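Look at the sequence and the model together. The paragraphs below go through some parts of the chain in turn.

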Amino acid sequence: MSTTIDYSYFINAKSARRRPALTREITKRQYGGPKEQISLAEGVPNEITFPFESITVKLKDGSKFDIVGQELASALQYIPTQGYPALVKSVKSFTQDVHNPPDWDKYETLVTNGSQDGMSRVLEMVLEENDSMLVQNPYYAGTEAIIKPLNVNVIGIDEDEFGIVPQKLIDALENCKKYTEEGGGKMPKIIYLNPTASNPSGRTIPTERKKEIYRICCQYNILILEDDAYYFLHFLNEQPVSFLSLDTEGRVIRLDSMSKVLSSGLRLGWVTGPKRLIQNIEIHISSCILHSSVLSQVILQNLFEKWGNSGLLAYFSRVASFYKVRRDYTVSCMEKHLKGLCEWELPSGGMFIWFKVLGVSDVYDMLLTRGLKKHITFIPGQNYMADPTAACSYVRASYSKVGLKQIDKAMQILAELIREEHLLLRRKLDSLDDEIIIR
């Protein structure tokens, strides 16, 4: 990494006070220590007392693997906070193969309970009350749930069809700089980006724009939190280039997740970033949950051993193809029922379509009052905006799980609902006109 970054700037006072627990350090050393080492230090249960003899996992292709013996004992026991050692090695190799970041030896990887867990730890490490945080606008609603208790000022950077607009990012940072110089606050330290098939918009930031965004973040000393849960769920001809692969300075923290491509219930993901920052996150996790579920980690490790990196990527590609078919069908239903009533872009991946309802400035009551009475559920766009109190004409629809015939029916009912909304709005306007004339 060509530039030396003072990472203490990105670690808030609360996080800086965290210290590793001695028992956790001993567990870590036990896993990496010599076999002849005798330890009477750890307060762990004896595996003999566990009632499980074996666990068999059968895959849909008919193959299976058994978790038995020492592997089962490890899967049911405490492990180092960083993760099941064999899996940590596998995800490191996978991450390096896929992204090939510059100065790979300066990074560390930590297994998390999905990317939401990793995101929470990162933001709680960096942000303090009344800090400012940059986000793409619209942005993933789960982020807002994390930062709400911190009373953080959310600065939304508007997007076009290719993600956040670099000039708008510069304008926002220059406004912050001016305000800070006048004694009104602090510069943002971090930007949250969901760069591939983002939730909710389905947009993917192209490589050249990523390079421009990265350059701006270097100029203003901003960390990039790259939450890429849909990285392997895109419908593009080529795999997108990640911010991690462009990171020459060591300012990217990347979140990966198996939730969308393998299983959401396994709660598996990992965070990759500069060693100093990952060490702080590791201490935080060790004080909260000790470590992520080992059984889930052992299952994933068996898949790595069975399929290898190339096999896993091939599986992810098949999953993406499955969702592409559903996207195409959903768009065809929208063309049939919503043309002229709504506007939308073709999502580049993921599970959602983000669309604008024409002639309705605020869709909230239409969807969550009148829509629910018609037994259709969509999420109003306010839920994903940097300012959730402002009126919003956008809607997020998910095509991931519901039956295809139900998607068609939902779009048909939504069209009826929008027409009814237009009629209600016209009646309100007519009523106002009559009131003005009477006065």
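**A walk through the model**

Arg-267 lies in the loop between strand S9 and strand S10 (269–274). Helices (H or I, at least four residues) and strands (E, at least two) are DSSP runs, numbered from the N terminus. This is a predicted model, in which local features need pLDDT of at least 70 and side-chain atom pairs count only at pLDDT 80 or more, while totals for chains, interfaces and linings use all residues. Residues are numbered from 1 along each chain as its sequence is written, and side-chain values use heavy atoms, with hydrogens and water left out.

The phi of Arg-267 is near 55°, a positive value in a residue other than glycine. With a relative accessibility of 33%, Arg-267 counts as partly exposed.

At 73% relative accessibility, His-375 counts as exposed. In H11 itself (residues 364–373), the buried residues are Met-366, Leu-367 and Gly-371. Seen down the axis of H11, these buried residues fall within an arc of 85°, so they line one face of the helix. The arc is that of the directions from the helix axis to the C-beta atoms.

Helix H8 can be read in a similar way. Which residues of H8 are buried? They are Arg-209, Lys-210, Ile-213, Tyr-214, Ile-216 and Cys-217. These residues cover an arc of only 160° around the axis, which puts them on the same side of H8. The face turned away from the buried side carries the exposed residues Glu-208 and Gln-219. The buried residues of H8 pack against strand S5 (153–160), strand S6 (163–164), helix H7 (166–181), strand S7 (190–193), strand S8 (223–227) and strand S9 (252–257). Here and below, contact means heavy atoms within 4.5 Å.

The expected span of a helix is 1.5 Å times one less than its number of residues. For the 13 residues of H8 (residues 207–219) this gives 18 Å, and the end C-alpha atoms are 18 Å apart, which agrees. Just after H8, Asn-221 takes a positive phi of about 55°. In the loop between S7 and H8 is Pro-200, and the peptide bond from Asn-199 to Pro-200 is cis, with omega near 20°.

Pro-138 is found in the loop between strand S4 and helix H6 (141–147). Within S4 (residues 132–137) lies Leu-134, which is buried, with a relative accessible area of 1%. Leaving aside neighbours within four places in sequence, the contacts of Leu-134 include Ile-155, Leu-169, Ile-190 and Ile-222. The C-alpha atoms of Leu-134 and Ile-155 are separated by 4.8 Å, although the two residues are 21 residues apart along the chain.

Asp-66, in strand S2 (residues 64–67), is partly exposed, with a relative accessible area of 41%. Apart from its neighbours within four places in sequence, Asp-66 is in contact with Ile-55, Thr-56 and Glu-71.

The last topic is empty space. Rolling a probe the size of a water molecule over the atoms shows where empty space is left. On a 1 Å grid over the protein atoms alone, a cavity is a set of points where a 1.4 Å probe fits but cannot get out, and a pocket is an open set with protein on both sides within 12 Å along at least five of seven lines; lining residues have an atom within 4 Å of a point. Grid points are joined across faces, edges and corners, and a volume is the space filled by probe spheres set on the points.

The largest pocket has a volume of about 450 Å³. Of the 20 residues that line the largest pocket, the closest to its centre are Thr-377, Phe-378, Ser-398, Val-402 and Ala-410. Strand S14 (394–398) and helix H12 (404–438) are the elements that give two or more residues to this lining, and H12 gives the most, with six residues.

Methods. Buried means under 20% relative accessible area, exposed over 50%, partly exposed in between (1.4 Å probe, protein chains only).
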